[in-house]
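Let's take a walk through this structure together, one part at a time. Keep the sequence and the 3D view open beside you as you read.

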Amino acid sequence: MSISKKQKRKRLEDVIGAIYSIAIYTILYVPVFVMMIFSFNNQRYNYYWNGFTTQWYSKLFTNSAVIGSLWYSLVIAVLATVISVAIGTIGALGLKKYEFRGKKFVNNMLYIPIIVPEIVMAVALLIIFMKIGLALGMGTILIGHCTFCIPYAVVTIKGRISGDGYSLEEASMDLGANRIQTFINVTLPSIMPGVMSAAFLSFTLSIDDVVMSNMLAGAKNSTLPVLILSMNKSGITPDVNALTTIMILVIVIAMVLNNIIKYALKKRNKAEATI
Amino acid sequence: MNKKNIFKRKTLPALAMAGPVSLWMILFVALPMLYIIYISFMSRGVFGDVVYKFSLESYGTLLDSTYFKVIVKSINAALKTTVLCLLIGYPFAYYIAKKPKEVASRLIMLIMIPFWTNSLMRLNSWLLLFQTSGPVNQFLQSTGFINAPMSFVYTDGLVMVGMITTMLPFAVLPMYSSIEKLSKSLLEASADLGASRRTTFFRITLPLTFPGIFSSIILVFIPSLGIYTVTDMLGGGKVLYIGNIIKNQFGAIRNWPLGAALSVLLIVITGMLIYIYTRFAKIEDMEVV
Amino acid sequence: MKKVISILLTMVLIMGLFTGCTGTKAGSTVDSSNAAPSTELNIYMWQQYISDDLIAKFEEENKVKVNLSYMSDNADAITKLTAGGGQEYDLIMTCDAYMESLVKGGYVEKINFENIPNASNINESYWTAKEYCVPYLMNYIYIIYNKDTSPVEIKSYNDLINPALKGQIASIDGARNLFPIALVALGYDPNSTNESEIAEAYEWLVKYNQNVVAYGNAEQNLTNGTASVAFTYDGNASWAMSELGEKNNLVIADFEKDPVQLGFDLYVVPKGAKHVDLAEKFLNYITDPKVMAANLVEYPYSCPNDAAVEAASDTYKNDPARDFDYKKNVFFQKDVGEAITIYNDYYQKLKVGE
């Protein structure tokens, strides 16, 4: 009797949870849909809806500036994510486990890029780079991005590993694995949700960053957000909308393909197992 | 012999793990921040840049009541955003965390995808949607709800919507990470011992996920203090928060020493708030503070 | 404790090192007598302000590559100019109000006008700091309004603070755009450095602020009906009017005696620029009347190049956004020196509000 009551309750909870989540996803995606729709707007700048056209998509293929900056942003974002998550993960673990001189200092410093408005960090880094004669370009932008991504990564992972014991690692090492093996095979899988969250966060922060990228950019390339920011004064042309729409479609298709492949593999494994 | 072993066993792993992050923090955070503190004590040149002459002028300017007003306003707005993000985000994070890992990771990715589009364009989309001749007003008018177009744009409400949609992932992600960690057996044990769902939630789930909540608060409240794009676009540039003011000092208004002084002030205030908060919440594992 | 002190001392020493070597490391001296001609030109200017076709043609004719980067604010350009812009850029766009300080601070190079014969096409009266810049385009900053929906017919700046216009004005932003109109409305010099006058202008602007629904995107808010009055640039007004096409019910405020601001966007060569020869070639290119006239087709802003305006298309010459009587009744933004801090303080006070 009590079992079916529990099941009913669980079912109800699932439904409520699903509705709630869908509502939130809707609110998060409404601006995205509006943006996609306006990529078909027949107007020079997106003031209001003025009729349907696909001219912006064809214009994209001739306007290399917009696509070039997207590519530039992507490269930087991927590199920044990899560097930040790597440094951040081992950093979070190391800061939790070991005591060393200056540990408190490093912990406090980690908060600074989160607290201080980005413009301040950007200006400070700009001046330091100028003084040591470092040429502005992808390298400087990358340094800027990692500087705020690493703290976010560390804080996220710390939220995950907080309170964890070391029994698993100790057991692993007792069984003969060295530190590196333990890290790869024991520690990393258990904190993977945290690492994944940190990676997504870093990528998002980097690809949408405008302040650092504006300050630390060289003369030859801009990231996409910086390009869009400079359009703000006159108006954003719908070809940027078109580009973003394509981006989203690519991501969605990739996700769907990923699912299909996984599903097919699963099926195949099951089939093989029964043979 | 002994020393070498100790080095290998204790110092080397510590260096390898915590070394890169410490080095990065020193080079690219501590050093620039020292510079910022330094120039906050310098004077303003003709173009608002830094003239290396000692002066307390910037700090003197801070005593003006305008800045006090701005700071109070900003803290207020950031608090509202944070509380709303937590309230909205926690159930959401809980729902995702209870799903199997592959599903959860896809759901998380779904949250982040809008943020891979450009934030300026998303904010602009809210404007396009809610403007006087926009779809929302047209719909409301055609269904007879209202007679004349309502002005949704450039209101506090829309700004708050913008802030929440901008900050929500930063709340959800750490909380998800922390909730996911909850061992199912703990919850089952609690139920077996006769605790109601509510008791289980308040006495087991909530406290154990507290580190995630804490991370969320940090990742939402603090940037909310410094953000300016949302109020610029959705607020019509009519209200300035501390983020706008600081950005202006390095931008349109040009007074770098003052901007530096304001940043130092912001750090001090935020540091104090964090300190009070952790004391109040009696957090122990918070080496982050 | 000792360790902390020693660390701090080291850092202070490093700081001293930084301030000591001010930029000597950062720049290799420019040797303008480059043996080989430049193949690349780096320009920093406003987005959507020059025709892509024209750039492409320049690249083709001279077999060079032009890199354009864009600024989002005048302050960006000033930052680039004062923080070693010559390292990265050969041409930077700024506005006339800053020229005096830029020249005094030694941030810009003198331009060799012997290499830019076409510059003679530019109207002399629109040219401050003649040796250091080349004017590109100019902006009248005036009031346009929707004659059907605006509750007030606007004939002077003082009409803007009429309470009937509450929440009806879409305005551009910027202390040096807003304060001058307040000063003019009160009968003062728009470039005043007198604190009491600026304070009065602040009071005027408080009333103005109540009528403003939003700063920024002024013409957008005018066309989509959010506002019925806009304080904006003539170029943007031109878009708004052409967007509305036949439904255009926007009119330029018919001022009786108030002057409007005329501002200029000009190219300067930052100190230490590396491709000065190409920069001069480019400047000569865009001051060519035919080239500029073609540019004006895509970007119908006002232009200080008289010959280009002559050669421009009829649509440009008949642009309703520039069809107003009092074009000679203008004022320019002058460098106010130290007084800028007074303006900034009041501007901030205005925006922070209650």
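**Two domains, three chains**

The centres of domain 1 and domain 2 of chain C, taken over C-alpha atoms, are separated by 27 Å. Domain 1 covers 37–137 + 264–311 and domain 2 covers 139–262 + 319–352, with bounds that come from an automatic or database domain assignment. Where they meet, 9 residues from domain 1 of chain C and 12 residues from domain 2 of chain C take part in the contact; two residues are in contact if their C-beta atoms, placed from the backbone, lie within 7 Å. On the domain 1 side of chain C that touches domain 2, there are 5 nonpolar, 2 polar and 2 charged residues. Here Ala, Val, Leu, Ile, Met, Phe, Trp, Tyr, Cys and Pro count as nonpolar, Asp, Glu, Lys and Arg as charged, and the others, Gly among them, as polar.

A word on the model and its labels. This is a predicted model, in which local features need pLDDT of at least 70, side-chain atom pairs count only at pLDDT 80 or more, and totals for chains, interfaces and linings use all residues. Residues are numbered from 1 along each chain as its sequence is written, while chains are lettered from A and ligands numbered from 1 in the order in which they are written.

Chain C contains 13 helices and 10 strands (DSSP runs numbered from the N terminus: helices are H or I with at least four residues, strands E with at least two). Of its 354 residues, 47% are buried, where buried means that 20 or more other C-beta atoms, placed from the backbone, lie within 10 Å of the residue's own.

Now turn to chain A and its partners. Its contact with chain C takes 22 residues from chain A and 21 residues from chain C. Helix H11(A) gives the most to this side of chain A, with 4 residues. With chain B, 77 residues of chain A are in contact with 73 residues of chain B. H1(A) gives the most to that side of chain A, with 12 residues, and the side divides into 55 nonpolar, 18 polar and 4 charged residues.

Technical notes: A residue is buried if 20 or more other C-beta atoms lie within 10 Å of its own, exposed if 12 or fewer, and partly exposed in between; C-beta atoms are placed from the backbone.
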